[in-house]
Amino acid sequence: ITNTDYTAIRAQHTHRYTTATLLSSVIITMSNPNRILLRGKEGTELIQNIHESTESQFKIPGPNMFYERSNDGSKLAVQTPEGMRLVDLASSDNAAIELEDSKGVQNAHFSPLNGYILTWERNAGLKIWCVKTGKCLKQLNLKMIKKMSWPNVQWTADEKYMFHLVTNEVQVYDIAASAEIYAETPQFKFRSEGISSFQLAPALFNNDELYHFTSFNEGKKGKPAKTFAHSFDPKMPAARQFQCVASKSFFNAEECTFQWSPSAHAALVLTHTSVDTSGDSYYGSTSLYLFSMDPAASESAITVPLAKEGPVSDVAWSPDASKPPCFVVISGKMPAQGCLHHGVSCDPLFLFGEAHRNTVSWSPHGRFLCLAGFGNLAGGMD
């Protein structure tokens, strides 16, 4: 969206918007090329064909708390004072349904194929809803959530299995065997002492029947923190259903985030500690690794060589799975260095140069890349 386009939108609307999202993927077609989702004080609305008109295609009035959209951009969940509303942006009339008794929802997450949506409320815990019918299928207890652990419930890429993180354990539900998952108990259990977060792969690597996920176990009482990559094969005997693919131990890791490649061939592991014992950084220290899911790989856990030593500000994979995998890392003290890395060997391929940048943003098709400096930086973008 250009400055001219955005100025034209705001000129015809009396309120200032707090959030603007350019919708992409399946809902962008030649007949419907441009759709921008805007959230402000007067409501959430969808603007279509910004070069021709800035009239709203639909609007949900009121002080909406937040919205969540699906990965493909076809579904939208808007939290209103009356409750959560699910909008089908792929339909011609933007059909919407209301979720009953959902006024207190504070977080939401769509499943990969948009079959389900997960919500969390402080008093009601986790709820799993059917996106098509708006029916609550299952309710799970969870009094508090952590940013690192969210979402506590995740689905495999084909939505055949649902993973639920509980204390020292991940419970796995076979939802392909039964349409009524609310009546089911977990068929599989992955026991791991101290597990605090996990992340399922977004695809099936090499289209086989193995599901992969990463996990982080916090360090306690002098024991190091650990990260793992596991495979899950429901057809194997119970003792061999979960196999460790890669692992790494850290004595100074307090938090950990995972980023899977689009093809699920590897996952980037970024660890962070709030205190840098060397005194080099006020913001703590970070470490970046790559876990490979390929059994033929020479190393299962690779330390990513940084173009400039120092904290890692951001890292992101190229979203185009049809091309050789690669990712961009911004590292080092300001001005930081941006570097393009090979997605298998982690070798540096191209330096973007030093600048005050802390954000990596790829376009959905992977053709364009933006390196920006947001937050406490001046807002420059390349």
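1. His 212 counts as buried, at 5% relative accessibility. Buried here means under 20% relative accessible area, exposed means over 50%, and partly exposed lies in between (1.4 Å probe, protein chains only). His 212 sits in strand 18, residues 211-217; strands (E, at least two residues) are DSSP runs numbered from the N terminus. Apart from neighbours within four places in sequence, His 212 contacts Gln 199, Leu 200, Ala 201, Phe 205, His 230, Ser 231, Val 245, Trp 260 and Met 293, where contact means heavy atoms within 4.5 Å.

2. A note on the basis. This is a predicted model, in which local features need pLDDT of at least 70 and side-chain atom pairs count only at pLDDT 80 or more, while totals for chains, interfaces and linings use all residues. Residues are numbered from 1 along each chain as its sequence is written, and side-chain values use heavy atoms, with hydrogens and water left out.

3. Salt bridges come to seven, each being a side-chain nitrogen of Lys or Arg within 4 Å of a carboxyl oxygen of Asp or Glu. Side chains of opposite charge can pair when their charged atoms come close.

4. One of the salt bridges joins Asp 88 and Lys 75, at 3.4 Å from N to O. Asp 88 belongs to strand 7 (residues 83-88) and Lys 75 to strand 6 (residues 75-80), so the pair ties together parts that are 13 residues apart in sequence. Asp 88 is partly exposed at 22% relative accessibility, whereas Lys 75 is buried at 19%.

5. Asp 101 and Lys 127 form another salt bridge, with their closest N and O atoms 3.9 Å apart. This pair links distant parts of the chain, 26 residues apart: Asp 101 is in the loop between strand 8 (96-98) and strand 9 (105-110), and Lys 127 is in strand 11 (residues 125-130). Asp 101 is exposed, with a relative accessible area of 64%; Lys 127 is buried, with 6%.

6. Lys 127 also meets Glu 121 in a salt bridge, at 3.7 Å from N to O. Lys 127 and Glu 121 are both buried. Through shared partners, salt bridges join Asp 101, Glu 121 and Lys 127 into one network.

7. On the surface, Leu 349, Phe 350 and Phe 352 make up a nonpolar patch, with about 290 Å² of accessible area together. Patch residues have over 30% relative accessible area and no salt bridge; nonpolar side chains (Val, Leu, Ile, Met, Phe, Trp, Tyr) are joined within 5 Å, like charges within 9 Å. Accessible areas come from the Shrake-Rupley method with a 1.4 Å probe, and for residues only the protein chains shown count as cover. Leu 349 is part of strand 28, residues 348-355, and is partly exposed at 49% relative accessible area.

Terms used. Helices (H or I, at least four residues) and strands (E, at least two) are DSSP runs, numbered from the N terminus.
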